[in-house]
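Here are my notes on the model you sent over. Have it open beside you as you read.

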Amino acid sequence: MLTVIPGRAGQNMEDGWEDRIAKLREECPSCTIEVDGGMNLKTISRAVLAGASRISSASAVFDGGDIAQNIQKLTDATTD
């Protein structure tokens, strides 16, 4: 599920993205729901709580800092 309009990095997420994930999860409990667009330390846990089972994130992984450390921080943010 894409939470932004396709095109460029760094966009604001569309309104209602969490509700869309939750509705999809409700309609298909066994589906793998991957979320892309705007996933970062502030939004990743919200996506998982809404029902996402996979997260795709480029900017939060590759922009600045150590890639492995960034991945670990994102992983940790889903378990807080």
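The points below go from the overall fold to single residues.

1. First, the ground rules. This is a predicted model, so to speak of local features I need pLDDT of at least 70, and side-chain atom pairs count only at pLDDT 80 or more, while totals for chains, interfaces and linings use all residues. Residues are numbered from 1 along each chain as its sequence is written, and side-chain values use heavy atoms, with hydrogens and water left out.

2. The overall fold. The chain has 4 helices and 2 strands, in the order α-β-α-β-α-α from the N terminus. Helices (H or I, at least four residues) and strands (E, at least two) are DSSP runs, numbered from the N terminus. The radius of gyration is 12 Å, close to the 12 Å that the globule rule gives for 80 residues, so the chain is as compact as a globular protein of that length. (That radius is taken over C-alpha atoms, and the rule is 2.2 Å times the number of residues to the power 0.38.) Along the principal axes, the C-alpha trace spans about 40 × 30 × 15 Å.

3. Of the 80 residues, 29% count as buried. Buried means under 20% relative accessible area, exposed over 50%, and partly exposed in between, with a 1.4 Å probe and protein chains only. Take the contacts (heavy atoms within 4.5 Å) between residues at least 6 apart in sequence: 42% of them join residues at least 24 apart.

4. Helix H4. Which residues of H4 (67–77) are buried? They are Asn70, Leu74 and Ala77. Looking down the axis of H4, these buried residues fall within an arc of 60°, so they line one face of the helix; the arc is that of the directions from the helix axis to the C-beta atoms. Their cover includes helices H2 (44–50) and H3 (59–62). At the start of H4, a side-chain oxygen of Asp66 comes to within 3.2 Å of the backbone nitrogen of Ala68.

5. Ala77, while we are in H4. Ala77 sits in that helix and is buried at 11% relative accessibility. Leaving out residues up to four places away in sequence, Ala77 touches Leu41, Ile44 and Ser45. Ala50 is 27 residues away along the chain from Ala77, and their C-alpha atoms are 14 Å apart.

6. The disulfide. How many disulfides does a search of the whole structure find? The search gives 1, on the criterion of a pair of cysteine sulfur atoms within 2.5 Å. Cys28 is joined to Cys31, with 1.9 Å from S to S. The link of Cys28 and Cys31 is right-handed, at 80° about the S-S bond.

7. Salt bridges. The whole structure has 3 salt bridges, each a side-chain nitrogen of Lys or Arg within 4 Å of a carboxyl oxygen of Asp or Glu. Glu18 pairs with Arg46 at 2.9 Å, N to O. Glu18 belongs to helix H1 (17–27) and Arg46 to helix H2, so this pair ties together parts that are 28 residues apart in sequence. Both ends are partly exposed: Glu18 at 28% relative accessibility and Arg46 at 36%.

8. The other two bridges. Glu27 and Lys23 have their closest N and O atoms 2.9 Å apart, and being 4 residues apart in helix H1, they are separated by about one helical turn. Glu27 is exposed at 54% relative accessibility, while Lys23 is partly exposed at 48%. Arg20 meets Glu14 at 3.6 Å, N to O. Arg20 is partly exposed at 31% relative accessibility, and Glu14 is partly exposed at 32%.

9. Last, Ser57. Where is Ser57 found? Ser57 is in the loop between strand E2 (54–56) and helix H3. A polar atom of the Ser57 side chain lies 2.8 Å from the backbone oxygen of Met39, and the Ser57 side chain also reaches the backbone nitrogen of Ala60 at 3.5 Å. For polar contacts, I take pairs of N or O atoms within 3.5 Å; within protein, one must be able to donate a hydrogen and the other to accept it, and residues adjacent in sequence count only if both atoms are side-chain atoms.
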